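Colleague: I would like to go through this model with you, starting with the ligand and ending with the helix packing.

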Amino acid sequence: MKQFKAESKRLLDLMINSIYTHREIFLRELISNASDAIDKLYYRTLSDGDTGLNRDDFCINILPDKENRTLTISDNGCGMTKEELENNLGTIAKSGSLNFKKENEQKEDIEIIGQFGVGFYSAFMVSEKVTVLSKAFGSEEASKWESTGTAGYTIEPCEKESHGTTIILKLKPDTEDNHYDEFLETYTLQNLVKKYSDYIRYPIKMDVEKSRLKGGTKDEYETYTENETLNSMVPIWRKNKNEIKEEEYNEFYKNKFMDYTDPAKVIHSSTEGTATYNALLFIPARAPMNFYTKDYEKGLQLYSNGVLIMDKCADLLPDYFSFIRGLVDSQDLSLNISREMLQHDRQLKIIAGRLEKKIKSELESMLSNEREKYEEFFKNFGLQLKYGVYQDFGAHKDVLQDLLLFYSSGEKKLVTLKEYVSRMKEGQKFIYYACGENVDRVDKLPQTEAVKEKGYEILYLTDGVDEFSIRMLMKYDDKEFKSVSADDLGLETEEEKQAAAKQVEENKDMLNFMKDALKGKVKQVILSQKLKTHPVCLSTDGAISIEMEKVLNSMPTDEKVTAQRVLEINANHPIFKKLCSLYENDQDQLKAYASLLYTQALLIEGVTIDDPVEFSNQICGLMTKE
Ligand SMILES: Nc1ncnc2c1ncn2[C@@H]1O[C@H](COP(=O)(O)OP(=O)(O)OP(=O)(O)O)[C@@H](O)[C@H]1O
């Protein structure tokens, strides 16, 4: 049988130019390799007993050299023999690290990063020549591997004092669009280490030039060089919860997610089993400025073995919890070659599912134990939860319904649906709600009179999305929601209903006359069952309410919707008698009255009226009538 031959040159070309989208990750890859090499030697130390090595001596060094345009990354890890150099760096997709992992599978705490055998070649994205000097631990000889990329490589013996590997990158010349020399800037290198390799477990060091006040002077400065450790090494999320102080979490959050305020809540969880991960999540104390805009990007940082894989992994959070900031670190992820994407999202789905449950239970416990704090949270992010109920055709309503708060007419504060139901009166069939711009306005709505008179609580819905969410919920604890503007509020007895029907029948002609006078603006004019002292109000027939009409029509589309309006008149109000008498004696005046009453009802609902000037003239007409 013939063997396939890897077209090395083409493969390398492919590798260099198409695997990675950000060339800056070459540094992450080389540092990860160095960390793997140190890990391997360290494990050997553990199993072979005394090798004369001390864990504290292990480190990775970065050395930029602007004059020669080189960037050197060196480690004092296991190093490579000539054969290993040949095997590992001469064969694309050959990973010594993967072999090591397989051979040491039974050992605990192995956190080797490499697995694909391609990361090293990312160096060619920024380098015209790569030189590797390596000396295997315990060997006397060192070798030099050198390559300019697709043309091949050379290996020859060389001098190297101590064990480990030194990689020298000769950076490509700058072009108009590509400034490779940015990788020689201290600032860039510091940032890249912080971004991708902050939690590598060995120190990553670099000489950094600093300035200080010259001894004995007050305003003279001198520069000096300090060998600085660039990474913080210990990921706070891997520490034991009991050992972390609140301030430590807060500082971490503020630095990492660039917020000025301490988070409202820290959620730190570690899980083993089907998915092993550490998660450190935060609920911000305030919604970011752009939170409710298109610009806001949800997602958690995703680390694999302490190396940053993705800055905003959206799949880890459902939209309704998009306010959560934080990170997840897992060894179990199926990474693809570039570590820029995940291969299969099964593992990710399991983690996301667990996180969702965890976030929900944290919110629930905040709601029961820290009510004030929860209300503050709800002020910031409640809208997102309400959108969540409405989104995806209500698929998430069960998850979210107990996290919602609405203002209650009875309690005069925010209440949960559960609390509302627990206080429902005997015989109360529905959960009542009323919509409007703000609590004060809703409180004054004439439609609320009859329900209030019964001593029933009403939920005041003041956000545009509220009624949509409530309609999506349909029921809570088997109790239907009912708008106070609905035609049948379920408040009357059978006799009351019959008496009302009789009264409507008796006044049918007048009510129809008024309807015609309003020229199609209302579907019906009826005698109201919900008004007690107020003369008039508006209700709707059909699926769209006045509030929904307002919300839908405020959206930037050309299509406008209209709620089917019903004008309700209070038969117990003196105006009713007046209407009856006008119907008998002055039908022209009745037309004007119908229009006036309708406009008043619109104003009460907070709907802009079409012709305020005409309204004003009509009122003045009445005011000056002798
Ligand atoms: N600094 C180093 N010290 C010792 N061995 C190294 C070093 N860098 C690379 N190697 C060896 O070369 C192999 C290939 O490295 P490369 O970065 O291409 O792949 P990898 O790290 O195994 O996998 P991945 O593509 O997932 O990063 C490694 O598996 C390792 O055996």
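This is a predicted model: local features need pLDDT of at least 70, side-chain atom pairs count only at pLDDT 80 or more; totals for chains, interfaces and linings use all residues.

Modeller: Residues are numbered from 1 along each chain as its sequence is written.

Colleague: Which element gives the largest share of the shell around the ligand?

Modeller: The ligand is surrounded by 23 residues, the closest being Ala 37, Ser 95, Gly 96, Gly 114 and Gly 119; a residue is near if its C-beta atom, placed from the backbone, lies within 6 Å. Two or more residues each come from α2 (25-48), α3 (82-90) and α4 (96-103), where helices are DSSP runs (H or I, at least four residues) numbered from the N terminus. With 4 residues, the largest share belongs to α2.

Colleague: How many residues of the shell around the ligand are charged?

Modeller: Asp, Glu, Lys and Arg count as charged, Ala, Val, Leu, Ile, Met, Phe, Trp, Tyr, Cys and Pro as nonpolar, and the others, Gly among them, as polar. The shell has 9 nonpolar and 12 polar residues, and the number charged is 2.

Colleague: What separates the centres of domain 2 and domain 4?

Modeller: The bounds come from an automatic or database domain assignment, which gives domain 1 (9-229), domain 2 (236-376), domain 3 (405-491) and domain 4 (499-626). Taken over C-alpha atoms, the separation between the centres of domain 2 and domain 4 is 53 Å.

Colleague: Are α15 and α18 oblique or roughly perpendicular to each other?

Modeller: Helix α15 (residues 508-517) and helix α18 (residues 587-605) pack at about 70°, with axes 9 Å apart; axes are lines fitted to C-alpha atoms over the stretch in contact, and angles run from 0 to 180 degrees between N-to-C directions. Angles under 35 degrees count as roughly parallel, over 145 as roughly antiparallel, 65 to 115 as roughly perpendicular and the rest as oblique. The pair is therefore roughly perpendicular.

Colleague: Which residues of α17 meet α18?

Modeller: Helix α17 (residues 574-585) packs on α18 at an angle of about 140°, with the axes 7 Å apart. Contact requires C-beta atoms, placed from the backbone, within 7 Å. On the α18 side are Gln 587, Gln 589, Leu 590 and Tyr 593, and on the α17 side Leu 579, Leu 582 and Tyr 583.

Colleague: How are α8 and α13 oriented to each other?

Modeller: Helix α8 (residues 371-394) and helix α13 (residues 466-473) have axes 8 Å apart and an angle of about 55°. They are therefore oblique.

How values were computed:
Two residues are in contact if their C-beta atoms, placed from the backbone, lie within 7 Å.
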